[in-house]
Amino acid sequence: MNILVCIKQVPAKDAPLAIAGNWIKESDIGFEMNEPDSYALEEALRLKEKHGGEVIVLSLGPERVKQTIKEALAKGADRGIHIADDNFAELDPLGAAKVLAAAIGKEKIDLVLTGLQSDDHGFGQTGVLLAALLNLPHATIIMQIDVQEGSSSGTTAPRLMKLKRELEAGWFQWIECPLPAVLSIQSGINKVRYATLKGIMAAKKKEIATVTREALGVSAESTQKIEKIYVPTKTKKTEFLTGPPKEVAAKLVEKLKFEARVI
Amino acid sequence: MTMQREQLEADVLIVGAGPAGLSCALHLANLIKQHNASGAKPELSAENIYVLEKGREIGAHQLSGAIMNPKALAELVPGFEKSAPLDTPVTDSAALLFTEKHSYRAPITPPPFNNTGNYVISLSKVVKWLGGLVEAAGVNLFKEFGGADLIYEGDGIAGVITEDKGLDKNGKPKANYTPGYELRAKVTVLAEGTRGSLTKQLVAKKHLDNINPQSYGIGIKELWDVQPGKIKPGYVAHTLGWPISTKMYGGGWIYGLSNNRISIGLVIALEYENSRFDPHAAFQTWKTHPFVRNILEGGKLVRYGAKSLPYGGWYAMPRNFMDGGLIAGDSGSFLDSQRLKGVHLAMKSGMLAAETIFEALKKGDYSANTLKLYKEKIDHSYIKEELWKVRNFHQSFRNGMLDGFFHSAIQQITGGAGLVDPMHAHAGHEAYKPIFGRPAPERFKGDGKLTFDRLTDVYHSGTRHDEDQPCHLKVQDLNICSTKCVEEFGNPCQYFCPAAVYEMVKEGSTLKLKINAANCVHCKTCDIADPYQIIDWVVPEGGGGPNYDGM
Amino acid sequence: MKILVITEQRQGKWNNTSFETLVAAQQIAAAASGTVSTVVIGKGVAALADEVASKNVADVSIVEHDLLDSYTPDGYCTALKQVVESAKPDLVLFPHTYQVRDFAPKLAASLGKGMIGDCVGFRNEGGKLVFVRQMFQGKTAADVTFLGAGPWFASFQSGAFRADQLAAHSSKAPVNAVAVTLDAADIRTKPLEVFKEAKSAVDLTQAPLIVSIGRGIKAPENIAQAEALAKAMGAEIAASRPICDEGWLPMERQIGSSGQTVAPKLYLALGISGAIQHVVGMKGARTIVAVNKDQNAPIFEIADYGIVADIFEVMPALTEELQKAKG
């Protein structure tokens with residue numbers, strides 16, 4: 001089973017954000033693998049362990065993202081593809097997905113996995129857009145993947161997956177989905193493995209192919225523009241409620257019902 | 001738990017990717033390259049050099065002021081001026097005396113505070129850059145791996161065992177449990193930094209102590225972005241006086257970096273009498289001095305961090321060579337406490353270790369007999385030259401600042417000998433005086449703009465640890481905390497920890513120790529300063545700890 | 001400007017955030033002189049369509065088909081593409097639900113258009129529509145605008161608009177059935193059974209109401225009082241790190257820099273001091289109520305309503321008031 005995982009490199013979770021226009025100052029901060037994508041990678045590695053095949057890691061961005069691709073290789077991915085683009089932070093979801101889809105289109109892939117969303121932009125659209133652009137079936141917020149090998153009639157029918165999808169409010173659903181397909185993986189569904197020393201050393205010898213957006217024949221057009229990012233200003237003033245407990249409780253319930261209208 | 005650990009073998013294992021460890025790796029890789037290029041035999045490989053780094057990134061746990069003397073870097077990386085990310089050369093060196101309301105600049109900056117020719121740097125950045133060079137040289141650099149235990153063999157060491165990963169807080173394996181490796185090497189270099197946990201174990205077990213136990217200080221640092229015009233890049237000031245009493249040893253620093261960024265901090269020797277002294281609070285108080293407050297006006301806190309530093313110098317230097325092992329950097333006491341310079345000495349010690357190992361690799365002999373070359377090289381290098389001159393410096397201050405100035409002045413004109421040579425030191429944790437029932441002081445709160453409480457500061461250290469793992473602060477006897485320590489010293493851990501890890505909480509009628517291990521910034525102060533020496537800092541799961549980007 | 005709102009229902013029951021989206025649409029229409037059309041999609045949704053028709057909207061389109069009885073991304077996209085092509089709206093709006101996340105970007109892409117998702121608001125800047133969304137997990141806000149011609153696609157975060165502000169209308173808007181062509185071959189995934197799991201992991205990020213406890217709760221036996229309060233309110237229970245550290249509540253209930261980041265409609269902080277590690281996980285909440293004995297607790301700096309009192313007195317009183325309000 002050939003699985004491709006889209007992985008994004010994002011600013012480290014605890015990095016102090018220095019805003020510069022519509023992005024952040026990249027000097028003096030660390031970068032790391034987008035945490036939701038690490039669950040997708042883990043899922044891919046487990047599927048490979050179960051069904052054989054290859055796990056390819058794909059990442060879009062400047063030179064620094066090769067570091068994150070290496071981390072994925074150290075965990076067990078077989079090879080990596082780096083789409084070099086220094087301006088990728090400016091790309092909108094559709095533009096980024098077009099580039100990724102162009103690269104994926106050149107490979108023979110059974111399954112494309114993505115994380116739910118990125119910790120920086122948080123668009124959460126990549127998986128769905130890839131499915132649309134590659135004309136593949138898809139499902140999102142997947143908690144479990146069961147690949148059913150072959151079919152009961154014994155013919156070489158396309159393989160099928162049984163997927164567990166999360167719905168709101170504690171509900172779940174099973175879905176049948178044929179391969180090839182695109183899935184976005186829910187965070188926290190597995191315990192992400194550690195890179196082993198051997199894995200880190202082996203990663204040095206694994207291939208990372210570099211390709212550019214231009215070479216893939218994708219033009220840089222956007223459907224939307226981030227005008228600016230900013231820290232939302234606080235305009236609220238605290239209203240203190242006083243009185244004996246019963247009174248203050250009644251006051252609060254009234255405020256919550258009629259003023260804030262949250263209950 | 002007994003289990004089968006995966007075994008790996010290297011030629012050289014370096015524990016710690018700080019200035020000492022990386023300089024050792026890079027220098028050795030360069031020597032090997034030249035050696036192979038010349039066709040000499042046996043052929044060696046830089047790929048058989050393994051470096052372990054417990055941080056998530058190279059440089060993540062590096063904290064220093066820092067002013068760097070470039071002499072070691074110049075040897076290690078010729079042409080460093082063009083390639084190294086040094087922030088700014090020092091343009092002005094000031095020695096300031098603070099009183100509560102005023103500051104006085106010494107008309108002539110005393111030589112130890114004169115930093116002309118040196119650079120103001122972010123140690124984290126420089127180390128990160130060095131790490132890049134080390135990797136490019138083919139060395140295997142493993143991030144998120146720590147040395148948890150030593151492998152002893154014969155009279156020396158034969159490698160380390162890395163930490164177990166994926167254990168829950170009760171020590172039970174989780175789904176992704178990965179036991180630590182048995183990493184063997186012909187030579188293991190301990191370059192763990194200040195109060196290295198493996199080094200501490202090794203020195204105790206093999207009796208490697210020198211005539212003085214190591215003395216330590218704690219350095220607490222904040223990185224700020226200030227209003228333009230407040231400070232010039234390359235401005236370096238060291239302050240003495242307020243708010244540190246003359247009975248204590250310590251002082252502040254203000255370093256101007258480029259782009260209106262400054263590094264400020266306070267160092268205090270961990271050998272004071274008041275068991276409830278709060279170094280973090282002292283630092284925050286120091287910031288309220290008019291001179292500092294003015295610089296910080298309208299500025300913003302960027303990062304916070306803390307680290308201990310080894311003050312003991314030459315006479316506290318443990319034996320640093322043995323069968324299969326060497327000790328370099330802060331772990332080996334290579335810090336000039338008078339000039340507060342440790343980076344170049346750490347680097348030089350790493351390079352000398354590399355040269356020693358290179359000879360051993362050629363000979364195929366890794367015994368103490370061959371590795372003693374390390375000590376000989378140190379003795380003939382500027383490491384000894386510099387440290388010998390200040391060998392009694394820190395000890396002079398055991399009775400306070402005025403006493404210290406007197407002794408060190410005499411040492412200055414006697415090549416370091418002074419009136420008493422060697423001057424002895426006591427372990428800092430023995431200096432505490434009992435509290436005799438004195439009520440506990442009120443805790444510092446901070447105003448949230450200029451000064452901060454510890455929790456707010458710790459948030460800005462970027463420290464994180466997986467919460468579900470065994471506590472890495474091993475207290476040998478918690479009963480002592482609830483009984484003896486409450487009475488005698490009032491639980492100093494609550495005060496000296498700059499990350500609010502330790503708390504005494506009331507449970508019924510007793511006080512019990514609560515450890516917020518996830519806050520830990522790996523400064524090692526608790527391991528050093530606990531009065532009963534029952535706290536053992538051990539390496540947590542790799543990757544955990546602070547994020548000192550830009551520090 | 002013609003705005004088309006795609007509402008969401010499942011088995012005849014509304015996803016109520018649809019009404020919030022209608023409010024957003026009404027406000028955008030007011031600001032940009034537009035009209036609000038709505039779509040109800042599924043099977044057997046006539047009653048729901050009628051309900052929408054009584055609100056202040058221009059018209060309601062019912063999109064029904066056997067193959068739309070159960071949601072599938074292929075089914076919804078194929079049908080709605082046809083609806084959008086014929087209705088020719090300038091702006092298509094959705095509530096940002098799990099389902100919308102599953103198909104809306106694909107719908108937009110099938111028309112060669114982009115989507116700005118998970119918006120928390122909008123502004124009309126001299127005729128230009130600016131959509132506001134969060135980035136860096138709520139640490140910053142971002143102003144985003146569309147480039148190029150419409151139709152534009154956007155979704156609004158739950159709680160960004162208040163459903164109770166939905167204006168009704170005196171007369172009923174016209175309800176039209178819109179025919180769509182759908183073939184079983186179009187639908188590649190097969191939806192199977194929907195079920196609730198006995199021990200489902202809690203996703204606090206989806207909880208609209210949260211009651212959170214801090215150190216002030218003092219002992220695990222006291223948590224029951226907070227849980228009773230949460231139950232009376234219909235809220236989820238959460239906690240600051242020390243509580244989860246002690247094991248008094250499971251780790252997935254933790255809010256803060258090392259736990260979950262939430263932005264519910266209401267966050268009630270009981271006995272929480274407001275250290276920055278906790279605050280970064282919840283300051284995006286729309287309404288914050290804090291109860292703490294210490295009037296100087298930093299939590300009050302970000303609270304909308306503050307009560308300086310003993311939580312052990314306030315919790316039972318509040319529980320009682322809430323039960324009265326319900327009953």
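Chain B has 17 helices and 24 strands in its secondary structure. Keep in mind that this is a predicted model. The radius of gyration of chain B is 23 Å, close to the 24 Å from the globule rule for 551 residues, so the chain is as compact as a globular protein of that length. Along the principal axes, its C-alpha atoms fill a box of roughly 70 × 60 × 45 Å. As for burial, 57% of the 551 residues of chain B count as buried. Of the contacts in chain B with a separation of 6 or more, 76% are between residues 24 or more positions apart.

Two bridges hold the antiparallel pair of E4(B) and E7(B), the latter being residues 119–120. Within that pairing, B:Pro89 is opposite B:Tyr119.

Next, chains A and C. Their contact takes 63 residues from chain A and 66 residues from chain C. On the chain A side, the elements that each supply at least two residues include helix H3 (93–105), helix H4 (126–134) and strand E11 (171–178). Helix H6 of chain A gives the most, with 10 residues. By type, the chain A side divides into 37 nonpolar, 12 polar and 14 charged residues.

E11(A) runs antiparallel to strand E12 (residues 190–196) of chain C, joined by five bridges. There, A:Ile175 has C:Pro191 as its bridge partner.

Conventions:
Residues numbered from 1 in each chain as written. Chains lettered and ligands numbered in written order. Predicted model: local features only at pLDDT ≥ 70, side-chain atom pairs only at ≥ 80, totals over all residues. Pairing = 2+ DSSP bridges. Helix = DSSP H or I, 4+ residues; strand = E, 2+ residues; numbered from the N terminus. Rg over C-alpha atoms; globule rule 2.2 N^0.38 Å. Buried ≥ 20, exposed ≤ 12 C-beta atoms within 10 Å, placed from the backbone. Contact = placed C-beta atoms within 7 Å. Nonpolar A, V, L, I, M, F, W, Y, C, P; charged D, E, K, R; others polar.
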